[in-house]
Amino acid sequence: MLVICYGGDMVNNTYDALAASDICKYLGRGFNVSLKPNLVVPGPASNGAVTHPEVTEGVIRFLLDFGVADIKIIESSWVGDSTLRAFKYCGYEELSRKYNIPLIDLKGDTYTLLTHGGYEIKVCDEALNTDFLINIPVLKAHCQTRLTCCLKNLKGCIPDSEKRRFHTLGIHKPVAALNALIKTGYCVVDGISGDLSFEEGGNPVTSNRIIAGRDPVMVDSFCAELIGYSPDEINYISYAMDYGVGRFFSPDMTVTVLGSENKALTSNPALHARAIPASQKYQNLIDEKAACSVCYSSLIYALHRMGGKFTGRGAAANGKLCIGQGFKGKTGAGIGIGSCTSGFERCIKGCPPKSTDIIKGLSRFEI
């Protein structure tokens, strides 16, 4: 079943969504429970990129009232950023003090090498050694995979080296295999104000919506449609279903809706029409080979900020910006983005490069 709760009271709406769900069929009072939000970057949740601390607080209150005493919050921010900074600037240090709940930075965790679907994956032990993992992602778009929600949020449960390697493997199948290795106890989706074009935030659309369900494939396939995609357009959802993680949402499944009178009103057409990720606007300029999300999104953000001022005329005859691990050790006539393209005569270095540096570099090369 799925529960959808609408309204602006994030703490109580999250609590109510769980109270109306079937989580009690799977949760034990003596369990140790780990909460996995999405704190990809340090910044306010209002930007549309990270899980609102109020949503996580609603989960905590529900667990405490249910009788669960052993709760922790686990996370690893994206490559190139600090989880500890994210805990601080996303409001989780305050949440930790308020409820005396530990914050675990998975960047310093040990790991276990596991295998599924032909993939060997290093998985952080904190994510494995828990009785019940509650996945608390943000419903938002992603510049490479179109959607990031429950399934992709577990990418924060692997070492940074694995995050990079996932992109060399094509990202979709490894993400699906990871979800077969880490068992999700329940999903609580922060659909309050996720960004509908870019995973780093900046273009949030207010929806004031909490979505709760047991099956991450079902939840993600349902959420994909909410932002204008058919589930089979998001490859890792289909692969996860093939790996036995769950099944697609179908109209015959039970959906409980709470607070329907509180649905957000907005003039933003993205709520009523397909939201096109920013990357698609610039794909004719980019030659991408196994680029990490953090590097790729820096480029997309830079191009977006330049507002069409970069045309590609200075990149090369084919007008391409080259980015990704597939360019390691190679040379090229185009403009290289990131340290993986350091063999290029013209390269904007950094791992990842800052968007401001990309803007400066592209402005220079365009002349």
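This section describes the cysteines and the aromatic side chains of a predicted model.

Local features were taken at pLDDT of at least 70 and side-chain atom pairs at pLDDT 80 or more, whereas totals for chains, interfaces and linings use all residues. Residues are numbered from 1 along each chain as its sequence is written, and side-chain values use heavy atoms, with hydrogens and water left out.

A search of the whole structure found 0 disulfides (a disulfide being a pair of cysteine sulfur atoms within 2.5 Å). For Cys295, the nearest cysteine sulfur belongs to Cys340, at 6.9 Å. Cys295 is buried, at a relative accessible area of 11% (buried denotes under 20%, exposed over 50% and partly exposed the range in between, with a 1.4 Å probe and protein chains only).

The structure contains 5 aromatic pairs (rings of Phe, Tyr and Trp, the last by its six-membered ring, with centres within 6.5 Å; planes under 30 degrees apart are stacked, over 60 edge-to-face and the rest tilted). Among them, Phe222 and Phe249 are edge-to-face, because their planes stand at 70°, with centres 4.9 Å apart. Phe222 belongs to helix α9 (residues 216-226) and Phe249 to the loop between α10 (235-242) and β12 (255-258), so the pair ties together parts 27 residues apart in sequence (helices, H or I of at least four residues, and strands, E of at least two, are DSSP runs numbered from the N terminus). Phe222 is buried at 13% relative accessible area, and Phe249 is buried at 19%.

Phe327 and Phe344 also form an edge-to-face pair, at 5.7 Å between centres and 85° between planes.
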